[in-house]
Amino acid sequence: MQNWKQAQQWEANWHGDCINSYWEETKQLIYAKKMGLKAQMINGKYPSYNLDNASILDIGGGATSILLKSINIGYCEIIDPLPMPDWVINRYNSINHLYFINKPAEEYINNTSIPFDEAWIYNCLQHTKNPQKVIQIAKKHSKIIRIFEWIENGISDGHIHNLTEKDLNKWLGGNGKIETLNENGCK
């Protein structure tokens, strides 16, 4: 099995310069829908997600967080350990109430001491150092967790954990919805 640093390097190479993110953002349409977010056409832009001033902790949101397509955001943080080009960091920093933290989710500390309305985790846990700890952090710092993760995919380059329905249900304290997908590149 690869170690976490090697897997992160593989993932960073996959994302490259972060310029052409169409494929990743296309898959996010499915992730968001399955997490219960409603894409809308707002001011001629699709997808747009109206957050009604909710505060969000986006764990593993990367260079193309769903928050970038959101309006009426409250205080929001995106935490991701991958190295990002300066232009990605500058784009995040240019948006009111949106803050990018460039470190592993396992090291997250909520400096506000106010819980987030929601934590979002999508296509992220198989890349983490410790997926169970990431879930614990999301539970500790948010009222609601919205999650979309691939399960039973095995271990491969860049994906050092094989997530299972049993583990996710145990860590989250409930029963998730399992589906077979084949749309927008999500299989």
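In which strand does Cys-76 lie? Cys-76 sits in strand S5, residues 76–79, where strands (E, at least two residues) and helices (H or I, at least four) are DSSP runs numbered from the N terminus. The model is a predicted one, so to speak of local features takes a pLDDT of at least 70, side-chain atom pairs count only at pLDDT 80 or more, and totals for chains, interfaces and linings use all residues. Residues are numbered from 1 along each chain as its sequence is written, and side-chain values use heavy atoms, with hydrogens and water left out.

Cys-76 counts as buried because its relative accessibility is 0%; buried means under 20% relative accessible area, exposed over 50%, and partly exposed in between, with a 1.4 Å probe and protein chains only. Leaving aside residues up to four places away in sequence, Cys-76 touches Ala-54, Ser-55, Ile-56, Leu-67, His-97, Leu-98 and Tyr-99, a contact being heavy atoms within 4.5 Å. Ala-54 is 22 residues from Cys-76 in sequence, yet the C-alpha to C-alpha separation is 8.2 Å.

S5 belongs to an open sheet of five strands, ordered S6-S5-S3-S7-S8 and paired in parallel. Two strands are taken to pair if DSSP finds at least two bridges between them. Strand S6 (98–101) and S8 are at the edges with a single partner strand each, so one side of each has no neighbour in the sheet. From one strand to the next, the twist averages 15°.

Further along the sheet comes S7. Strand S7 (residues 116–122) runs parallel to S8, and six bridges join the two. Within this pairing, Trp-120 stands opposite Arg-146 in S8, while Tyr-122 has Phe-148 of S8 as its bridge partner. Helix H4 (residues 131–141) packs on the sheet, where it touches strand S3 (56–59), S7 and S8, and its direction makes about 140° with that of S8; axes here are lines fitted to C-alpha atoms, for helices over the stretch in contact, and angles run from 0 to 180 degrees between N-to-C directions. S7 also pairs with S3, again in the parallel sense, over four bridges, with Leu-57 opposite Ala-119 in S7. Six of the seven residues of S7 are buried, leaving the strand mostly covered.

There is also an open sheet of three strands, in the order S1-S2-S4, and here the pairing is mixed. Its edge strands are S1 (40–42) and S4 (70–71), each pairing on one side only. S1 and strand S2 (residues 45–50) run antiparallel and are joined by two bridges. Ile-42 stands opposite Lys-45 in S2, and Gln-40 stands opposite Ser-48 in S2. The two strands form a hairpin with two residues between them, and Asn-43 in the turn has a positive phi of about 50°. On to the parallel part of the sheet: S2 and S4 are joined by two bridges, and Tyr-49 has Ser-70 in S4 as its bridge partner.

Now for the pockets. A 1 Å grid over the protein atoms alone was used: a pocket is an open set of points with protein on both sides within 12 Å along at least five of seven lines, whereas a cavity is a set of points where a 1.4 Å probe fits but cannot get out, and lining residues have an atom within 4 Å of a point. Grid points are joined across faces, edges and corners, and a volume is the space filled by probe spheres set on the points.

The largest pocket holds about 820 Å³ of space. Its lining has 45 residues, and those nearest the centre are Glu-11, His-15, Glu-24, Asn-123 and His-127. Helix H1 (4–15) and helix H2 (22–34) each give at least two residues to this lining, and H1 provides the largest share, seven residues. By class, the lining of the largest pocket has 19 nonpolar, 19 polar and seven charged residues, with Ala, Val, Leu, Ile, Met, Phe, Trp, Tyr, Cys and Pro taken as nonpolar, Asp, Glu, Lys and Arg as charged, and the others, Gly among them, as polar.

The second largest pocket has a volume of about 610 Å³. Of its 21 lining residues, Ile-147, Phe-148, Glu-149, Lys-177 and Ile-178 lie nearest the centre. Strand S8 (142–148) and helix H5 (165–172) each supply at least two lining residues of this pocket; the largest share, four residues, comes from H5. The lining of the second largest pocket divides into nine nonpolar, six polar and six charged residues.
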